[in-house]
Amino acid sequence: MVHHQSDLIGDLKERNILQERRISELEAARHTQDNICDEMKIRLEKTESRLHSHFSVSSGPTNITTKSPEEDIPDGRIVRSGRLLMNTISNGMPSYEEGVIAFYAQMSSSEISPGAHHTLIFDKVRTNVGNGYNGVTGVFTAPNEGIYAFIWVIRMLNAEHSTELMINNDILGATFLRAKNNDDGSVSGTAIAHVAKGDVVFVRIHSTYAGDGNVFSNLHGKPTFSGWLLH
């Protein structure tokens, strides 16, 4: 009986030592995270300071706007440091005349064997004036109503596909290319259309004809999707 109790006490002591060691490890990890957060905060403050200095000098004294790291706004919320940094960066972007809308995006890598009805993603956004194009979804949402022009270019290697330019659920245009026997080719489509504010425009593989092979992209040629407001 005494021997059993001794073993139990020894086991409890060992568990206690392990728990104390684990607590020490967690405290050390929390201390490390605190140090990282402090370091990131210092870097953010330095970046904000450099950006404020840069834009204040380049804009001239009449355009200087000073904001504190935390600024009250009408609804009572607080403007945080990250928001301030984004606002500062936005102030340095080139300005355009009101109403200018244009986008241009490339497909950075090949779409592998896309099936029927598959939306093509042109993920490398080069131009996006008006912020209507989404490089994640491949969809352009019209910021304003008007007459728009759209161009899409599709490249294939040893493949064949039909593609459709869509406005909402309407097929505005279509292209077809057969590049077989190790052929490498491109096909383009152009369309002019009246687009209402909020309408979505995108390129997809034909809704009923899947084709076969890849939509090809490399450094020698990339599929593209572009559009702009004419009037």
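**Terms and their grounds**

Author: At 24% relative accessibility, Lys 180 counts as partly exposed. This is a predicted model, in which local features need pLDDT of at least 70 and side-chain atom pairs count only at pLDDT 80 or more, whereas totals for chains, interfaces and linings use all residues. Residues are numbered from 1 along each chain as its sequence is written, and side-chain values use heavy atoms, with hydrogens and water left out.

Reader: What makes Lys 180 partly exposed?

Author: Buried means under 20% relative accessible area, exposed means over 50%, and partly exposed lies in between (1.4 Å probe, protein chains only). Lys 180 has 24%, so the residue is partly exposed. Asp 212, at 34%, therefore also counts as partly exposed.

Reader: Why are the side chains of Lys 180 and Asp 212 said to meet in a salt bridge?

Author: A salt bridge requires a side-chain nitrogen of Lys or Arg within 4 Å of a carboxyl oxygen of Asp or Glu. For Lys 180 and Asp 212 the N to O value is 2.5 Å. Lys 180 lies in strand E8 and Asp 212 in the loop between E9 and E10, so the pair ties together parts that are 32 residues apart in sequence. Strands (E, at least two residues) and helices (H or I, at least four) are DSSP runs, numbered from the N terminus.

Reader: How many salt bridges does a search of the whole structure find?

Author: The search finds four. One of them joins Glu 164 and Arg 204, at 2.8 Å from N to O. Glu 164 belongs to strand E7 and Arg 204 to strand E9, so this pair ties together parts 40 residues apart in sequence.

Reader: Is Glu 164 buried or exposed?

Author: Glu 164 has a relative accessible area of 2% and is therefore buried. Arg 204, at 8%, likewise counts as buried.

Reader: Which side chain meets that of Arg 178 in a salt bridge?

Author: The partner is Glu 160, at 2.7 Å from N to O. Arg 178 counts as exposed, at 52% relative accessibility, whereas Glu 160 is buried, at 7%.

Reader: Why is the ring pair of Phe 122 and Phe 225 called tilted?

Author: Rings of Phe, Tyr and Trp (its six-membered ring) pair if their centres lie within 6.5 Å; planes under 30 degrees apart count as stacked, over 60 as edge-to-face and the rest as tilted. The rings of Phe 122 and Phe 225 have centres 5.6 Å apart and planes at 45°, so the pair is tilted. Phe 122 lies in the loop between E3 and strand E4 (124–129) and Phe 225 in strand E10, so parts 103 residues apart in sequence are tied together.

Reader: What makes the pair of Tyr 133 and Phe 225 edge-to-face?

Author: Their ring centres are 6.1 Å apart and their planes stand at 75°, so the pair is edge-to-face. Both Tyr 133 and Phe 225 are buried.

Reader: Which residues touch the most other members of the largest nonpolar core?

Author: Among its 29 residues, these are Phe 122, Phe 140, Phe 150 and Phe 225. A nonpolar core is a set of buried Ala, Val, Leu, Ile, Met, Phe, Trp, Tyr and Cys residues joined through side-chain atoms within 4.5 Å. E7 gives the most to this core, with eight residues.
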